[in-house]
Amino acid sequence: MLVLLFAIATTQAQNPFFEVVNYRGAFAPSPASPWTQGWTNFDPQNAVYPAVTDTVTAAITANTTWTSGKTYLLKGLIYVKNGATLTIQPGVVVKGDATVSGGTALIITKGSKINAVGTSTSPVVFTSSKDAGSRATGDWGGVIILGRASLNRPGGVANIEGIATSADTEYGGGTTPDDNDNSGNLKYARIEYGGYIFATDQEINGLTMGSLGRNTIIDFVQCSFINDDSFEWFGGTVNCSHLVSFRGIDDDFDTDFGYSGSVQFALGVRDPNLSDQS
């Protein structure tokens, strides 16, 4: 098993996003506790999650809160749209239905927001609907967040691949991008068993970030057993930190179309027996 650790060092004068540290790599030396402690899971296959309490089948078009103590089942492509904000409280488990023809995913459209903020002891978990012991890469799609920041594509816009082209799958700010755009906050969260195959060589990632602006917060996020890239940035300026990619099929961290944000503190754990066969 190959483990990749990295941190990008700079001075605050050069980029105030970066935390200045006195060590090399992604982790402080012992006896400091690793930042992965508590909220990550390196054996998600055997995790036992609570039974479903609520099923979501339709688009979310008004501000909505998913509350602690509940487990939500997503059936199909669930869009958060019309400027709505989806708030997900600590400890919530969101299961992507692995039996839906056409795939399941949570898609935050341009102008809408996700505020999924767990804690180090009670993370938000996005995972497969299958029982422990039977989960597999590509059981469901994953989490897609779309914004209005810069994109190096003709016209400054594009659509997420694999899903039918529509206004709900478009990202990028066009000819007037907003690099300070805010698509919400994803913090202390896990995404497991994503990467549903929508078409040949067209799987979405664990966390897909389409033109996210720098006022979006992506921090303390783990993607595990993803059937494509764990994290992929398509353009945008969002800064991200404390990312964990665990035993994905394709890239741990992938960038396209002029991503110009910054990433600090990341861990990639590879399995030599898992790879992208395409």
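This is a predicted model: local features need pLDDT of at least 70, side-chain atom pairs count only at pLDDT 80 or more; totals for chains, interfaces and linings use all residues.
## Close-ups of strands, cores and a loop

View 1. Strand 22 covers residues 263–270, and six bridges join it to strand 20, with the two running parallel. Leu243 also turns up as the bridge partner of Val221, with Leu243 sitting in strand 20.

**View 2. Strand 20, a well-covered strand.** Let's take in strand 20 as a whole, residues 240–246. Seven of its seven residues are buried, so call it mostly covered. Strand 18, residues 217–224, is joined to strand 20 by six bridges, and this pair runs parallel. Strand 20 has six bridges to strand 22 as well, again in the parallel sense.

**View 3. Ile218 and the largest nonpolar core.** Which residues have the most contacts inside the largest nonpolar core? They are Trp66, Phe126, Leu207 and Ile218, in a core of 39 residues. Zoom in on Ile218 and, setting aside neighbours within four places in sequence, you'll find Ile145, Leu186, Leu207, Met209, Val238, Asn239, Cys240, Ser241 and Leu243 in contact with it. There is also a second, separate core of 14 residues, and among its members are Ile107, Ile144, Phe198 and Phe234.

View 4. Follow the strands across and the order reads 5-8-11-17-19-21, with parallel pairing. Strand 5 (77–80) and strand 21 (253–256) stand at the edges; each has a single partner strand, so one side of each is left without a neighbour in the sheet. On average, neighbouring strands here are turned by 15 degrees against each other, direction ignored.

**View 5. Strand 21 and its partner, strand 19.** Strand 19 takes in residues 231–234 and pairs with strand 21 over four bridges, in the parallel sense. Look for Phe231 here: opposite it, in strand 21, stands Phe253.

**View 6. Asp250 in a loop.** Asp250 has its place in the loop between strand 20 and strand 21. Is Asp250 buried or exposed? Its relative accessibility is 19%, and the cut-off for buried is under 20%, so Asp250 counts as buried. If you also want to find Gly156, it lies 94 residues from Asp250 along the chain, and the C-alpha atoms of the two are separated by 26 Å.

Terms used: Residues are numbered from 1 along each chain as its sequence is written. Side-chain values use heavy atoms; hydrogens and water are left out. Two strands pair if DSSP finds at least two bridges between them. Axes are lines fitted to C-alpha atoms, for helices over the stretch in contact, and angles run from 0 to 180 degrees between N-to-C directions. A nonpolar core is a set of buried Ala, Val, Leu, Ile, Met, Phe, Trp, Tyr and Cys residues joined through side-chain atoms within 4.5 Å. Buried means under 20% relative accessible area, exposed over 50%, partly exposed in between (1.4 Å probe, protein chains only). Contact means heavy atoms within 4.5 Å.
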